[in-house]
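Hi everyone, thanks for making time. I'd like to walk you through one structure today, going from charged pairs to packing. Let me put it up on the screen.

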Amino acid sequence: MSKNNQANSLISPHTIYRQASFLISAAKLNQTPTDIGYEVAFAGRSNAGKSSAINILCDQKSLARTSKTPGRTQLLNFFEVDDERRIVDLPGYGYAKVAINIKKDWQGVLAQYLEHRQCLQGLVLMMDVRHPLKPYDLQMLEWAKHIQLPVHVLLTKADKLKRGPASHSLLQVKKALAEMQAGFTVQLFSSLKRLGINEAHEVLNQWYDFKL
Ligand SMILES: Nc1nc2c(ncn2[C@@H]2O[C@H](COP(=O)(O)OP(=O)(O)OP(=O)(O)O)[C@@H](O)[C@H]2O)c(=O)[nH]1
Ligand SMILES: [Mg+2]
């Protein structure tokens with residue numbers, strides 16, 4: 001029985017994602033894996049918690065590199081979940097201190113990847129729960145709508161807010177997404193407290209076409 005058939009019939013989401021392993025880092029599009037199967041990309045402002053979210057969703061400590069220094073992830077980092085399914089950790093956008101030519105370069109690569117990648121099923125967009133919907137986030141959402149790319153927003157670092165303010169932020173983002181009429185979804189998430197893992201797995205499972 002192939003790995004995928006096993007995944008489809010027996011294994012829980014936690015077990016599937018736990019198998020994820022690093023595949024390749026790409027600085028240019030011609031370094032990316034062959035454009036087949038299913039990919040889900042993780043994007044968001046620098047320091048939003050993208051790499052931490054990938055680690056927690058895959059129940060691994062250091063699959064994706066995390067850092068206190070914003071702008072750490074400077075390449076498209078590919079992780080394989082199984083032979084057909086990949087996670088992509090994208091470089092954070094909106095980090096001012098990166099040299100302008102490097103910044104333009106990445107953003108060009110990022111834009112091309114998002115627009116032209118056939119196997120891309122959806123975008124997990126991370127925003128710090130304390131300050132969501134910054135101009136770059138709005139641009140990303142508008143653009144995803146334009147290219148008809150499904151988006152699921154993780155409001156990260158939810159542990160930094162009490163329940164009331166966190167719910168308020170969630171509602172605010174829900175409203176903004178509803179107004180966009182693109183079917184985008186949102187949830188609270190905390191890598192530190194392991195909050196929102198099942199909800200995020202459900203979205204990933206659908207995008208990866210896992211029938212669990
Ligand atoms: N309190 C708290 N801190 C978090 C959480 N997730 C990430 N962090 C911290 O936020 C910082 C940035 O996390 P990363 O996961 O490296 O963020 P990133 O979006 O991948 O950053 P870049 O790759 O630099 O764009 C690190 O110091 C993490 O420890 C969380 O859920 N709660
Ligand atoms: Mg990162």
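So, this is a predicted model, please keep that in mind throughout. Let's begin with a group of four charged residues: D35, E39, R86 and R117 are connected in a network of salt bridges. For context, the structure holds 8 salt bridges.

R117 and D35 meet through their side chains, at 3.9 Å from N to O. Are the two partners buried or exposed? R117 is buried, with a relative accessible area of 10%, whereas D35 is partly exposed, at 28%.

Next comes E39 with R86. Here the closest N and O atoms of the salt bridge are 2.5 Å apart. E39 belongs to strand β2 and R86 to strand β4, so this pair ties together parts that are 47 residues apart in sequence. E39 counts as buried because its relative accessibility is 0%, and the cut-off for buried is under 20%. R86 is buried too, with a relative accessible area of 6%.

E39 also forms a salt bridge with R117, at 2.7 Å from N to O. That pair links strand β2 to the loop between α4 and β5, across 78 residues of chain.

Now over to the nonpolar side. How many residues does the largest nonpolar core have? It has 34, and L90 and L141 are the ones with the most contacts inside it. Two or more residues each come from β2, β3 (76-80), α4 (100-116), β5, α5 (135-146), β6, α6 (163-180) and β7 (185-188). Of these, α6 gives the most, with 5 residues. Apart from that core lies another, of 27 residues, including I16, V81, I87 and F189. In general, nonpolar side chains tend to be buried together in soluble globular proteins.

Let's look at one helix, α3, which spans residues 50-57. It is mostly covered, with 7 of its 8 residues buried. The buried ones are K50, S51, A53, I54, N55, I56 and L57. What do they pack against? The partners are the helices α2 (13-18) and α7 (197-207), together with the strands β2 (38-44), β4 (85-89), β5 (120-128) and β6. If you like backbone angles, here is a detail for you: α3 is followed by D59, which has a positive phi, near 55°.

H152 lies in β6, residues 151-156. Why does H152 count as buried? Because its relative accessibility is 4%. Setting aside neighbours within four places in sequence, H152 is in contact with L123, V124 and L125, with T185, V186 and Q187, and with V203 and W207.

Note on methods:
Residues are numbered from 1 along each chain as its sequence is written. Chains are lettered from A and ligands numbered from 1 in the order in which they are written. This is a predicted model: local features need pLDDT of at least 70, side-chain atom pairs count only at pLDDT 80 or more; totals for chains, interfaces and linings use all residues. Side-chain values use heavy atoms; hydrogens and water are left out. Helices (H or I, at least four residues) and strands (E, at least two) are DSSP runs, numbered from the N terminus. Buried means under 20% relative accessible area, exposed over 50%, partly exposed in between (1.4 Å probe, protein chains only). Contact means heavy atoms within 4.5 Å. A nonpolar core is a set of buried Ala, Val, Leu, Ile, Met, Phe, Trp, Tyr and Cys residues joined through side-chain atoms within 4.5 Å.
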